[in-house]
Amino acid sequence: MEAKSESERLRPPRQRSLFREERRLGATMIAPSLAVIALVAAYPICYAIWLSLNEYSVITPGLSRFVGLDNYIDALSSSDFWGAWVTTIVFTAVSVSLELVIGLAMALVMHQAFRGRALLRAVVLVPWAILTVVTAITWRTIFEPELGFANTMLDALSLPGADVVWLGEEGYALAVMILADVWKTAPFMALLLLAGLQGIPDELHDAAKVDGASTWQRFRSITLPLLVPAITVALIFRSLDALRIFDLPYILTRGANGTETLSLIAQEELVTNRNTGFGSALAVLTFLTVMGISFLYIRFMGGNIRALTQEEGGR
Amino acid sequence: MRRVLIWVAVAAIVLFCLFPFYWLINTSLKTGADLSTASLLPPSPTLDNYTSIFEDAAFTKALRNSAIVAGSVTVLSLLIGSFAGYALARLHLPFKFLILAILLSISTFPPIAIAAPVFEIWTDIGIYNTYIGLILPSLAFGLPLTVYILASFFRDIPRELEEAALIDGATRFQAFRKIIVPLGAPGVVTAGLLVFIFAWNEFLFAITLTSTPDRRPVPAAIAFFTGSQQFEIPLGTISAASVVVTVPLIALVLIFQRRIVAGLTAGAVKG
């Protein structure tokens with residue numbers, strides 16, 4: 001750094017111009033990020049809405065005509081769309097609930113003091129680190145008809161289900177998809193909740209113990225209420241992620257046997273069938289579904305989120 | 001009694017987390033004939049599946065493509081994201097709340113919503129089926145994550161250090177480069193790891209925006225492996241390929257376990 005004269009250094013800072021300078025620097029520094037997001041996310045979503053209002057010729061590329069809301073009317077009156085919608089909602093609701101219960105159980109175990117706790121935390125990250133595509137292949141090898149692990153085990157223990165073609169039957173296929181998702185993401189949930197648990201002061205538990213509260217009472221009246229913010233954030237993150245699920249059903253079943261999700265059906269129309277207008281309408285409807293559900297979360301759990309953002313702004 | 005219960009629970013968690021991956025490794029070590037036996041150990045372990053995937057040009061090419069795309073996404077998000085993270089953490093910024101809200105909503109955005117227009121635009125401007133065409137969408141989805149993590153790490157650096165530099169005549173940008181970035185290095189490593197894993201995992205754009213094997217990243221290549229032979233899947237080779245692309249990630253996760261947990265909770269709990 002070049003040396004500055006004594007008088008220059010001692011001069012009182014000119015607050016106002018410094019402030020303006022800082023704002024200018026701030027704007028410059030944030031601009032590249034916002035530019036990327038505007039060009040690759042915001043502009044395309046607007047363009048998607050435009051595409052969804054047109055019909056495109058499959059035979060002559062570039063030929064299109066404005067059809068207004070026709071694509072949406074087609075989509076909303078097709079049983080394929082509603083089938084995918086219900087599948088997506090059921091998948092999200094069931095897998096996120098299971099993840100919450102299993103994740104919470106795992107977090108409570110990991111919060112105990114025992115040797116090898118750090119090792120367990122590393123082990124738990126393994127499913128999280130595995131590519132979703134590989135997760136799907138893993139579960140496909142497990143549920144492979146006859147020679148997979150699941151059927152062999154059921155057969156060896158003479159339990160029912162040994163001759164079920166798991167991925168080939170409606171209902172069972174969705175169950176396998178949910179199982180695969182729970183396996184991959186319950187550990188993530190567990191780590192988020194563990195961070196929440198670690199934020200609860202021990203004194204609270206100690207005080208309750210002195211007052212004679214049982215383990216269950218302490219869990220109900222101390223742990224659970226104080227964990228609500230962490231649970232809320234984890235639920236939102238996981239739900240919004242589950243609603244856009246694509247790779248899992250793509251590899252497991254290609255959407256066959258009741259596993260067609262919204263993202264999958266839209267991608268098929270867009271890429272496989274080259275049905276740009278209708279496919280875009282499906283994509284926009286997927287987007288609206290996700291936004292609608294985020295809105296519901298904010299509406300019903302908004303207090304927690306507001307508290308979090310205030311904390312964010314206050315620091 | 002309590003100890004026993006804890007150990008049973010720990011054993012259950014370990015089994016739950018590791019067994020499926022063990023089964024995949026087990027499958028990858030079986031010979032073609034042994035694939036039809038569901039034994040817990042490969043009866044006659046072989047590395048044939050591994051040698052055959054490394055002889056497959058489509059697979060080695062895919063590994064290279066993924067390394068290029070995920071590597072570029074990581075470097076670019078760290079570069080662009082660290083500026084934004086600093087601005088959000090330390091500077092007076094107009095519309096700060098709005099910017100945070102935009103970032104958060106992008107990270108929850110379903111990628112399918114922009115797949116069609118991006119496909120059309122990329123075709124028009126000639127970057128369909130190119131690296132840059134794959135890098136840009138992943139960058140847009142990776143940036144919010146980077147910015148959140150970096151902002152939360154930068155915020156924890158004591159202000160006094162930066163102020164001391166400013167008093168010594170450094171500009172704000174110099175303070176950012178010489179003080180914040182080096183002190184925030186753990187955050188940079190964390191964000192880099194998470195973005196790399198995210199970009200390596202990305203699948204929707206990988207299959208939608210590529211058309212030839214010489215541009216296809218790993219997840220898309222694996223999908224084509226399974227898709228081409230719907231009824232007779234080469235289970236052994238797919239498993240081997242899956243193990244190969246997963247091992248580096250597991251190694252990263254085990255080495256940087258603490259960083260990753262810190263990043264996940266910073267991005268989610270604080271964000």
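**View 1. Helix α6 (residues 132–142) of chain A and helix α12 (residues 235–255) of chain B in the predicted model, with axes that come within 10 Å and cross at roughly 140°.** Axes are lines fitted to C-alpha atoms, for helices over the stretch in contact, and angles run from 0 to 180 degrees between N-to-C directions. The pair α6(A) and α12(B) is therefore oblique (angles under 35 degrees count as roughly parallel, over 145 as roughly antiparallel, 65 to 115 as roughly perpendicular and the rest as oblique). Helices are DSSP runs of H or I with at least four residues, numbered from the N terminus. The crossing of α6(A) and α12(B) is left-handed, that is, the near helix is turned anticlockwise from the far one by less than a right angle.

**View 2. Residues in the contact between α6(A) and α12(B).** From α6(A) come V134(A), I137(A) and T141(A), and from α12(B) come L235(B), I238(B), S239(B), S242(B), V245(B) and T246(B). Contact requires C-beta atoms, placed from the backbone, within 7 Å. By class, this contact has five nonpolar, four polar and no charged residues. Ala, Val, Leu, Ile, Met, Phe, Trp, Tyr, Cys and Pro count as nonpolar, Asp, Glu, Lys and Arg as charged, and the others, Gly among them, as polar.

**View 3. The side of chain B that touches chain A.** Here 80 residues of chain B are in contact with 83 residues of chain A. Helix α1 (residues 2–28) of chain B gives the most to this side, with 12 residues. The side of chain B has 62 nonpolar, 14 polar and four charged residues. The predictor gives the complex an ipTM of 0.88 and a pTM of 0.88.

**View 4. N257(A) and R274(A), two residues other than glycine with positive phi.** N257(A), with phi of about 55°, lies in the loop between α11 (247–252) and α12 (262–272) of chain A. N257(A) counts as buried because it has 21 C-beta neighbours inside 10 Å (buried means 20 or more, exposed 12 or fewer, partly exposed in between). R274(A), with phi near 50°, is in the loop between α12 and α13 (276–314) of chain A. R274(A) counts as exposed because it has 11 such neighbours.

**Notes.** Residues are numbered from 1 along each chain as its sequence is written, and chains are lettered from A and ligands numbered from 1 in the order in which they are written.

Note on methods: This is a predicted model: local features need pLDDT of at least 70, side-chain atom pairs count only at pLDDT 80 or more; totals for chains, interfaces and linings use all residues. Two residues are in contact if their C-beta atoms, placed from the backbone, lie within 7 Å. Helices (H or I, at least four residues) and strands (E, at least two) are DSSP runs, numbered from the N terminus.
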